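Colleague: Could you take a close look at a single part of this model for me, and then say how its charged side chains pair? I would like the cut-offs spelled out as you go.

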Amino acid sequence: MEEMMKEVVVVEPHKFEVREVPVPELTDDHDVLIQMKAAGVCGSDHHIYHGLNPCSTYPRIPGHENAGIVVKTGSKVTNVKEGDHVIVDLISTCGTCYQCKIGRKNVCEHVKVRGSGADGGWREYFTAPALEVYKISDSVSWEDAALVEPYAIGAHSTTRGRVTEDDVVFILGTGTIGSIILQTCKAKGCKTVICCDIDKESLERAKNYGADYTINSKEEKVVEKIQEITNGKGVTIAFDAACFPGSLTMCMEPGIICNAGRMVPLGFSTAKEEITQAMINQRELDVIGTRMSCFQFEPTIKRMENHEFETRGIATKFIPFNEVEKVFYYMDHPDASSKKMVIIF
C-alpha cells in the first residue's frame, strides 16, 4: 500500500485545495526525498493566490522558502545524506545559457522557480536534485531555517546594489524584505540607513533592527526629511521594498537619490510608472534590477548558523500545516500584527 501525504494546491486565483496524494518516489539517482519541516510564506505567495504574480501558472503548489530533512537519497548523491537538515534552493537552471555562464543563474534563460513556475514546498514530502539542496546545522531552529531564502535575497540585492560602508541608504518599505535589507546594510557597516513606511509598528521594529532614521510617509514629507537628514545631499542608494504601483517613481523623485546614486527595485508590479529619461540621466543614476538570489544560499546559511541575524520579529505567525487554511484566511484578511507567516510541519 502506498504511503500517502498531503499537499496544498492553488487551483486558480482565490481557490485552493488540500489534496491527499502518494509520497513521491525517487526517479533519478541524483535526487533526494525531503520531508518538509518549515516553509515561509512570501509576498509572492500572496500574489500567486490572488492572481497577481505574472511569473506564475496554475494549478500550482506554492512555497519557495523550504526547510526539511533528507529521508532518502539517490545512489549518486554525495553532498547530503539521510537525516541531514537542509534548505532547498528555489531555482532550477540549465547551466549552459549565456546567463548561467556569466554567473547570473537566477535569471537563467530556462529558469524554473519552485512555488511559482514549478511546484513548491507546501506539501509533506517532495523530491529535488541534490545539487539544489544545502545542508544546515541542526542547531538552527526550523523557524529560522525557513528564513534563509529571504535573507539570501537581502544578500543578493545589496550585492547587486554594490553596498559599502560609505553608503547612505534609503529603504522604502519595512516589511520582511525591507527589514532584512536593513540588517544586511548594517552588517556591511553602513552608518546611515533611513527607513520609510506608513506603519508605525513596522518603523519601530526597524529601529530595533538598527535603522538610524525612520520616516512615516503618511505623516511626513519624504523628500524634505531626506534632505534634512543628509544635509541636502540625498542618499547614495535606494531600495524599493514596498513595491506598490508608483513606489519606484516615488523613490526616484529628485531630492531622494544623489547624483551618481543607485536605485534597486525589488518588486514585480506590472503597473506603468511615471519615470522619465531625465529622472535617470540628469543625475546619471544606476537602476539595478534584482531577482531572487544567486550563489547566496551557502554564505547565508553560514551566517544563520553563526547567529549573525536578528530573526526575532521577522516571522510573527507560525501556523501548523494541518491548519494551513489559516494561511489563506490571513491572505484574504490581512492582520497588521502579522508581518510574516511560517508553516510548521
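Modeller: The buried residues of α7 pack against β10 (168-172), β11 (192-197), β12 (213-216), β13 (235-240) and α8 (247-251), where buried means under 20% relative accessible area, exposed over 50% and partly exposed in between, with a 1.4 Å probe and protein chains only, and where contact means heavy atoms within 4.5 Å. This is a predicted model, in which local features need pLDDT of at least 70 and side-chain atom pairs count only at pLDDT 80 or more, while totals for chains, interfaces and linings use all residues. Residues are numbered from 1 along each chain as its sequence is written, and side-chain values use heavy atoms, with hydrogens and water left out. Helices (H or I, at least four residues) and strands (E, at least two) are DSSP runs numbered from the N terminus.

Within α7, which spans residues 222-229, the buried residues are V222, I226 and I229. They lie on the same side of α7 because they cover an arc of only 65 degrees around the axis, the arc being that of the directions from the helix axis to the C-beta atoms. E224 and E228, by contrast, are exposed on the other side of α7. Just after α7 comes N231, with a positive phi of about 55 degrees.

As for the charged side chains, those of opposite charge can pair when their charged atoms come close. Searching the whole structure gives 15 salt bridges, each defined as a side-chain nitrogen of Lys or Arg within 4 Å of a carboxyl oxygen of Asp or Glu. One of them joins E17 to R19 at 3.0 Å, N to O; E17 is partly exposed, with a relative accessible area of 29%, and R19 is also partly exposed, at 31%.

Another salt bridge links K135 with D84, their closest N and O atoms being 3.7 Å apart. K135 belongs to strand β9 (residues 133-135) and D84 to the loop between β4 (65-73) and β5 (85-88), so this pair ties together parts that are 51 residues apart in sequence. K135 is partly exposed at 47% relative accessibility, whereas D84 is buried at 6%.

E132 and R114 form a salt bridge as well, with the closest N and O atoms 2.6 Å apart. Here E132 is in the loop between β8 (125-129) and β9, and R114 in the loop between β7 (112-113) and β8, so the pair ties together parts that are 18 residues apart in sequence. Both E132 and R114 are buried. Finally, salt bridges that share partners join K81, D84 and K135 into one network.
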